[in-house]
Amino acid sequence: MQDYAIFNEQQVYIEKAKPLLENIYGAPKACVNTFGCQQNVSDSEHFKGMLKAMGYEITENVEEADFILFNTCAVREHAEDRVYGNIGTIKKLKAARKNIILAVSGCMAQQEIVANKIKKSYPYVDIVFGTHNIHRLPEFIYKRLSGSGRIFERSTTVTEIVEGMPVLRDKSVKGWLPIMYGCNNFCTYCIVPYVRGRERSRASAQIIKEAKEMVASGIKDITLLGQNVNSYGKGLNEDINFAGLLRKINDIPGDFRIRFMTSHPKDCTEELLTTMSECSKVCKQLHLPFQSGSSRVLKAMNRHYDRQTYLNLIKKAKALMPGITLTSDVIVGFPGETYAEFCQTLSLIKEVRFNSLFTFIFSPRPGTPAWNMPDNVSRAEKGKWFNELLLTQEPIGKELEQEMLGKAYKVLCEELGKDGQIIAKTDGNIAVEFNGPESLIGSFVNIKITGINGGLKATLI
Ligand code: SAM
Ligand code: SF4
Ligand code: F3S
């Protein structure tokens, strides 16, 4: 279900908070710090949209902010530790300026154990709210400003998709477009289904409307977001799947590109790959996490595909889209994984030849099935395996870059690099740098790759 009415209530809080904020701070400033995946980046863009509507100026400088938000990630222990460290640094700021409001949101905040820890050990945190209450930020700030006690909100009563939230996008050339929320897959290592709730898709009309607005605002690269975009459409009152949605977005007039993430191999169909190959605006780039090259480990991970199924998918993708850019996620040291099984991960990497990989050492997450699985491999040993994995991927990535030398590509000029060069992206999302006027930012140009020196160098053609 999609709902505009839910946010109407927040519009009232936005209006009520404005004069209060002006009274207390004059010209209030807000700083939003984002951890984790693109879903959080997109949520933060909505936080910034709501804060701006309330009258806050958005700043990157936490020292000057009157409202500070940490939008957190719980996917690995390290991500959580970083957040606690960051919250700790705000204590001094708050001691000096009592009327700063400090809030913690996101996937960590959705967990009871985390909310309790903050309640007890971080008394200077004012507001803690989870992923199901993102739209209620204006209400929480208003209530805290009006003298309410500390606010802790983890309720999951709103299961509809909240439409109509303002959004302030970080970039003007490329943008995130959420098409679904939550996850139903319960991979045994993963916390996401517990902190993001059940999978729900946005109505295609809402997505098309937002995509059109993005294109009209000058965005040239749209990434469709979801934890498992391939299962888009389930539970909607319309007959549509992800391939159908891609075709609809591809039909929107204008010169722009479409990407999507993340794809789950179990739902990646031949229809989808064919659709990708047929839609001119859909980039020939696929992020398809395989996690492990061992069918036994994949089963223990509850991934619902095996090694051969994954390799067959890649074969089909390469046949339909020669030159396709392939990236993936991989976990080293899942409980019970043997060295021989880890070697199957290495052999899969060599067989597929990914352009790049996101590599993780297994991090036990409380509440997930893998938390209780026996794990006999030491952290030091897993570290060695991890390095072996990096050494396996490195030459492959480099060879694929070498193959680009001398070739021509259409690229989107995205931003200026530190040295004043233009940073642009190929259809495959590979970054290239070249000299050119700043006025090219936001346009597509043709370039030729001329060298590799700490990244791909190019010239305009
Ligand atoms: N939904 C996506 C999918 O199924 O591929 C991925 C979402 S998850 C936020 C991003 C990646 O984090 C996963 O693909 C996995 O490789 C990694 N990850 C998740 N839980 C992890 C854990 N407990 N330890 C290590 N890596 C983990
Ligand atoms: Fe986590 Fe698996 Fe869902 Fe991805 S598909 S978010 S890895 S449970
Ligand atoms: Fe982290 Fe939540 Fe994303 S746990 S990876 S921010 S969905």
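Helix H2 covers residues 38–54, and its end C-alpha atoms are 24 Å apart. That agrees with the 24 Å its 17 residues should span at 1.5 Å a residue, where the expected span is 1.5 Å times one less than the number of residues. Helices here are DSSP runs of H or I with at least four residues, strands are E runs of at least two, and both are numbered from the N terminus. Please keep in mind that this is a predicted model: local features need pLDDT of at least 70, side-chain atom pairs count only at pLDDT 80 or more, and totals for chains, interfaces and linings use all residues. Residues are numbered from 1 along each chain as its sequence is written, chains are lettered from A and ligands numbered from 1 in the order in which they are written, and side-chain values use heavy atoms, with hydrogens and water left out.

**Helix H2**
- Of the 17 residues of H2, 13 are buried, so the helix is largely enclosed by the rest of the structure; buried means under 20% relative accessible area, exposed over 50%, and partly exposed in between (1.4 Å probe, protein chains only).

**Ligand 1**
- A backbone N or O atom of Gln 227 sits 2.8 Å from a nitrogen atom of ligand 1, and one of Tyr 189 sits 3.0 Å from a ligand 1 nitrogen atom.
- Arg 76 brings a polar side-chain atom to 3.2 Å from an oxygen atom of ligand 1.
- The protein covers 92% of the 560 Å² of accessible area that ligand 1 has on its own, by the Shrake-Rupley method with a 1.4 Å probe.

**Ligands 2 and 3**
- Around ligand 2 are residues including Cys 183, Cys 187, Cys 190, Tyr 189 and Gln 227.
- Ligand 3 has Cys 37, Cys 73, Cys 107 and Gln 227 among its surrounding residues.

**The whole chain**
- The protein chain holds 13 helices and 21 strands.
- Its C-alpha trace spans about 60 × 55 × 50 Å along the principal axes.
- Buried residues make up 55% of the 461 residues in the protein chain.

Methods. A polar contact is a pair of N or O atoms within 3.5 Å; within protein, one must be able to donate a hydrogen and the other to accept it, and residues adjacent in sequence count only if both atoms are side-chain atoms. A residue is near a molecule or strand if one of its heavy atoms lies within 4 Å of it.
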